[in-house]
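Hi,

Here is the structure I promised to pass on. Have a look at it first, and my notes follow below.

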Amino acid sequence: MEDLIAALPDGRVLTDPDVTESYARDRTFVPPGRPLGVVLAESRDEVVTTMRWATEHRVPVVPRGAGTGLAGGATATDGCLILSLARMTRIRELSPQDEIAVAEPGVITADLDRAAREHGLMYAPDPSSYEVSTIGGNLATNAGGLRCVKYGVTRDSTLGLEVVLADGRIINTGRRTVKGVTGYDLTGLFVGSEGTLGVITAATLRLRRAPAELATVAAEFTSLRDAASAVSAIIAAGCNPSLLELMDRTTLEAIDEWKNIGLEPGTRAMLIAQSEGSADQMAKLCEAASFVAVSSSPEEADELIGLRRLAYQAKERLGQCLVEDVCVPRSVLPDMISTIEDVAARHGVKIATVAHAGDGNTHPVFIFERGLAEPPPEVWAAADEVFRAALALGGTLTGEHGVGVIKRRWLGLETGPVVTEIHQGIKQVFDPLNILNPGKAI
């Protein structure tokens with residue numbers, strides 16, 4: 001550690017246990033290990049120095065951004081070095097002509113979007129944590145967000161990367177052009193790799209034209225399945241929404257208790273849809289709704305979207321949360337929603353569900369008593385049924401949060417032995433000493 005402290009500028013390395021503990025966990029209940037220290041990197045070269053030191057001394061490194069992860073991917077392991085990229089906050093370039101930005105990993109997602117909008121552009125991925133999450137964390141988990149139904153997830157907006165490998169070598173993947181197929185798609189490989197293959201120190205990101213006008217629909221339903229069926233109808237009709245979000249009664253009650261939104265007794269679900277243009281057709285397709293309204297102003301639309309962004313914080317007020325993000329084909333979303341409701345009733349577990357419904361990506365949040373070291377057995381049993389049901393419906397264990405440590409116990413159900421072997425082989429190529437975020441993702 002003395003060698004590392006000497007190799008980096010003053011103040012970059014923290015070793016006081018009371019200080020390093022605050023960097024050791026993400027937003028989950030996963031108990032962290034005890035790190036050796038924390039590096040507060042401010043440049044690519046400082047990341048290079050750190051990784052060379054880690055390789056020389058065989059010290060595991062856990063990269064982290066803002067710590068907003070929901071799968072345990074940024075939690076410390078015993079004896080690791082935490083590499084914080086939160087101070088790497090430069091937008092190195094923003095080109096309106098090419099509609100690209102080059103951003104460092106510590107840039108806050110919403111800050112990049114605001115910078116793009118000064119030029120009539122936007123950065124499309126917008127996870128609910130976009131005001132606090134970083135570009136690096138979004139890249140690590142291939143985050144999605146509310147607009148992903150139209151614009152896709154982080155990988156769809158990533159053209160190229162600057163990456164520091166485990167031994168300190170630097171590679172540049174991808175391109176600045178819209179098209180490019182030279183060699184293997186290493187950019188796509190690193191996005192979603194959860195810090196297990198390299199440390200991303202910059203990304204070339206695609207920007208898109210910001211829509212001139214947005215219309216927003218809010219529909220209330222007396223049945224969660226009816227709301228999910230309306231989602232399927234909107235997609236099948238080719239409405240091409242830019243946002244399509246679903247919240248169940250438990251979520252709405254949590255928000256109402258906190259913000260007093262005037263929730264009606266019979267409302268079991270709310271659907272919020274947004275379109276670049278008219279929203280009338282989407283409103284008509286919510287035929288089973290008990291109430292439908294179309295926003296009359298941008299301010300009214302922002303209030304509705306803001307309601308959806310409050311969902312996770314509202315649920316955290318109820319207790320500890322096991323947050324999941326199973327994704328299924330959109331045509332079977334009603335079946336997935338019904339299964340979650342059934343599982344909650346049979347196991348006596350409080351599950352609050354929101355969904356990026358236009359993608360079939362549901363977020364069942366299992367709420368349990370605050371202060372417990374981990375979820376009780378009935379919560380794990382309920383989660384197991386939900387995961388297995390998603391896979392049986394042709395879905396996946398995680399749509400955007402990543403595997404981290406929480407979902408590793410189910411990983412083999414989706415990947416199988418051959419894919420598992422290939423994953424391990426790829427890890428061996430990029431990180432032969434297994435020092436990059438060991439025990440996570442694969």
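To start with, how many salt bridges does the rule find across the interface of domain 2 and domain 3? The rule finds one, a salt bridge being a side-chain nitrogen of Lys or Arg within 4 Å of a carboxyl oxygen of Asp or Glu. Asp126 forms a salt bridge with Arg309, with 2.9 Å between the closest N and O atoms.

Before the rest, a word on the ground rules. This is a predicted model, where local features need pLDDT of at least 70 and side-chain atom pairs count only at pLDDT 80 or more, while totals for chains, interfaces and linings use all residues. Residues are numbered from 1 along each chain as its sequence is written, and side-chain values use heavy atoms, with hydrogens and water left out.

Now the domains. The domain assignment, which is automatic or from a database, gives domain 1 (2-84), domain 2 (91-209) and domain 3 (214-392). The C-alpha centres of domain 2 and domain 3 lie 27 Å apart. Their contact (heavy atoms within 4.5 Å) takes eleven residues from domain 2 and 14 residues from domain 3. About 1100 Å² is buried between the two, with carbon and sulfur atoms giving 51% of that; this is the accessible area (1.4 Å probe) that two parts lose on being put together, summed over both. On the domain 2 side, Leu146, Val149 and Lys150 lose the most area to domain 3, together 60% of what that side buries.

Arg117 and Asp113 form another salt bridge, at 3.0 Å, N to O. Is Asp113 buried or exposed? At 9% relative accessibility, Asp113 counts as buried, whereas Arg117 is partly exposed at 36% (buried is under 20% relative accessible area, exposed over 50%, partly exposed in between; 1.4 Å probe, protein chains only).

Arg114 also pairs with Glu131, the closest N and O atoms being 3.1 Å apart. Glu131 sits in the loop between β7 (121-122) and α5 (135-141), so this pair ties together parts that are 17 residues apart in sequence.

Enjoy exploring!

Technical notes. Helices (H or I, at least four residues) and strands (E, at least two) are DSSP runs, numbered from the N terminus.
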